Amino acid sequence: MGIEIERKFLVTGDGWRTAAHKVMPMAQGYLNDLAAMDNGAMKASVRVRIQGDEAYLNLKSRELGHTRQEFDYAIPVEDARGLLALSVGGLVDKRRHYVDFGGHLWEIDEFLGENAGLVVAEIELASADERFDKPDWAGREVTDSKRYYNLALASRPYSQWSETERAGSD
């Protein structure tokens with residue numbers, strides 16, 4: 001069984017851009033929606049992602065927080081396109097920038113389309129209590145805030161958020 005331990009932060013400023021060593025365009029959609037997860041009808045999100053010339057089917061358990069079960073399977077890009085056409089809600093388009101900092105790989109997601117203006121940094125850890133250096137461009141932690149999950153962004157994009165939500169207030 002795959003386990004993902006991930007922390008998520010809002011990004012402040014552009015200081016990370018010069019440190020990015022790779023950029024990957026991504027388009028993803030979900031075969032279930034946030035409501036199905038919230039009401040317990042589904043216990044895992046089902047995501048289809050095309051990144052560059054590769055595609056993946058991903059299942060992630062619905063736990064809120066930094067640790068979840070995750071299963072990721074490579075699939076043909078043509079199959080992914082067909083599955084994306086079946087997506088519930090909108091597609092999530094983004095550019096993922098990869099930055100090495102403090103001995104860890106940080107993934108900075110710069111969202112496009114209806115989620116344009118949102119930039120989030122993620123770090124995957126080997127254990128929930130692993131220590132890491134937080135770069136100055138990594139602002140407030142939003143790991144436990146459901147609205148920053150990509151599944152939520154597909155259902156209710158950043159463009160529909162209130163000013164209070166955009167300011168990061170809960």
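Colleague: In which strand is glutamate 70 found?

Modeller: Helices (H or I, at least four residues) and strands (E, at least two) are DSSP runs, numbered from the N terminus. Glutamate 70 is found in strand E5, which covers residues 67-75. Residues are numbered from 1 along each chain as its sequence is written, and side-chain values use heavy atoms, with hydrogens and water left out. This is a predicted model, in which local features need pLDDT of at least 70 and side-chain atom pairs count only at pLDDT 80 or more, while totals for chains, interfaces and linings use all residues.

Colleague: With which side chain does the side chain of glutamate 70 make a polar contact?

Modeller: A polar contact is a pair of N or O atoms within 3.5 Å; within protein, one must be able to donate a hydrogen and the other to accept it, and residues adjacent in sequence count only if both atoms are side-chain atoms. Here the partner of the glutamate 70 side chain is the side chain of asparagine 58, at 2.9 Å.

Colleague: How does glutamine 51 count, buried or exposed, and what does it contact?

Modeller: Glutamine 51, in strand E3 (residues 44-51), has 13% relative accessibility and therefore counts as buried. Apart from neighbours within four places in sequence, glutamine 51 is in contact with Met24, Pro25, Met26 and Tyr56.

Colleague: Which residues does serine 45 touch?

Modeller: Serine 45 also belongs to strand E3 and is buried, because its relative accessible area is 8%. Not counting residues up to four places away in sequence, serine 45 touches Tyr30, Asn32, Met37, Asn58, Leu59, Lys60 and Leu151. The pair formed with leucine 151 spans 106 residues in sequence, yet the C-alpha atoms are 7.4 Å apart. Leucine 151 lies in helix H3 and counts as buried because its relative accessibility is 9%. On the same exclusion, leucine 151 touches Tyr30, Asn32, Asp33, Leu34, Met37 and Ser45.

Colleague: How many residues does the largest nonpolar core have?

Modeller: In soluble globular proteins, nonpolar side chains tend to be buried together. A nonpolar core is a set of buried Ala, Val, Leu, Ile, Met, Phe, Trp, Tyr and Cys residues joined through side-chain atoms within 4.5 Å. The largest one here has 16 residues, and Leu10, Phe111, Leu118, Val120, Tyr148 and Leu153 have the most contacts inside it. Helix H1 (34-38) and helix H3 (150-155) are the elements that give two or more residues to this core, and H3 gives the most, with four. A second, separate core of 14 residues includes Ile5, Phe9, Val119 and Ala138.

Colleague: Which residues line the largest cavity?

Modeller: On a 1 Å grid over the protein atoms alone, a cavity is a set of points where a 1.4 Å probe fits but cannot get out, and a pocket is an open set with protein on both sides within 12 Å along at least five of seven lines; lining residues have an atom within 4 Å of a point. Grid points are joined across faces, edges and corners, and a volume is the space filled by probe spheres set on the points. The largest cavity, with a volume of about 30 Å³, is lined by Gly90, Leu91, Glu114, Asn115, Leu153, Ala154 and Pro157. Strand E6 (88-101) and H3 each give two or more residues to this lining.

Colleague: How do the residues lining the largest pocket divide by class?

Modeller: Ala, Val, Leu, Ile, Met, Phe, Trp, Tyr, Cys and Pro count as nonpolar, Asp, Glu, Lys and Arg as charged, and the others, Gly among them, as polar. The lining of the largest pocket divides into seven nonpolar, five polar and 19 charged residues. This pocket holds about 500 Å³ of space. Of its 31 lining residues, Glu4, Ser45, Lys60, Arg68 and Tyr149 lie nearest its centre.

How values were computed:
Buried < 20%, exposed > 50% of the residue type's maximum accessible area, 1.4 Å probe, protein only. Contact = heavy atoms within 4.5 Å.
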